[in-house]
Structures are given as structure tokens and as C-alpha cells.
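Here is a short note for a colleague who is opening this entry for the first time. Please read the numbered points with the structure in view.

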Amino acid sequence: MKKRVIASLLTVATVLSLAACGKSFTCDICGEKKSGKSYKETILGQDVLYCKDCHEAFEELGNELKNLFN
């Protein structure tokens, strides 16, 4: 019984560790290792993968530029 419990816990730990690693990526803009939602754009023929923080910074910059020219 003790061996089954330990085997079950190790199996669950392995599955969780593999699931957590599947969503991580390195942001091409800031260079940080991130997890969660990623954004992908093609800029001058290059695919760029970037994080939510960089996406929000781009959105803010776009809004400031819009306000500047209106």
C-alpha cells in the first residue's frame, strides 16, 4: 500500500511538472523566460514571440502615438 501511494504521488508530480513546462517561452523583446499567454507577430518577415508585458507596452505606446497625432 505504501509503495502504491508513493508511486501515485510521483506520477502526479511528474505530470504536473510536464504540464507546467509546456507553456513557457522566451520573449523575443525583453528576453525573459515567461509562462502564460504569448503573442506572435511577423515583423519584416521575422516571426516575433513576445509576452503580455511587452504587448501591453506596445498597446500603450500606440495609444500615446494616436493621441499625439489627433
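Predicted model: local features only at pLDDT ≥ 70, side-chain atom pairs only at ≥ 80, totals over all residues.

1. Tyr-50 belongs to the largest nonpolar core, which has seven residues in all: Phe-25, Cys-27, Tyr-39, Val-48, Tyr-50, Cys-51 and Cys-54. Strand E4, which covers residues 46-51, gives the most to this core, contributing three residues.

2. Cys-54, also a member of that core, is in contact with Cys-27, Ile-29 and Cys-30 once its neighbours within four places in sequence are left aside.

3. The structure holds two aromatic pairs. In one of them, the rings of Tyr-39 and Tyr-50 have their centres 5.7 Å apart and their planes at 20°, so this pair counts as stacked. The pair links distant parts of the chain, since Tyr-39 lies in strand E3 (residues 38-43) and Tyr-50 in strand E4, with the two residues eleven apart. Tyr-39, with a relative accessibility of 18%, also counts as buried, because the cut-off for that class is under 20%.

4. Tyr-50 also pairs with Phe-58: the ring centres are 5.5 Å apart and the planes stand at 80°, so the arrangement is edge-to-face. Taken together, Tyr-39, Tyr-50 and Phe-58 form one aromatic cluster.

5. Another lysine deserves a separate look, namely Lys-23, whose place is in the loop between helix H1 (2-21) and strand E1 (24-26). Its relative accessibility is 58%, and because exposed means over 50%, Lys-23 counts as exposed. Even so, when residues up to four places away in sequence are not counted, Lys-23 touches Lys-34, Ser-35 and Gly-36. Lys-23 and Ser-38, which are 15 residues apart in sequence, are 9.0 Å apart in space from C-alpha to C-alpha.

Notes. Residues numbered from 1 in each chain as written. Heavy atoms only, no water. Core = buried A, V, L, I, M, F, W, Y, C linked by side-chain atoms within 4.5 Å. Buried < 20%, exposed > 50% of the residue type's maximum accessible area, 1.4 Å probe, protein only. Helix = DSSP H or I, 4+ residues; strand = E, 2+ residues; numbered from the N terminus. Contact = heavy atoms within 4.5 Å. Phe/Tyr/Trp six-rings, centres within 6.5 Å; stacked < 30°, edge-to-face > 60°.
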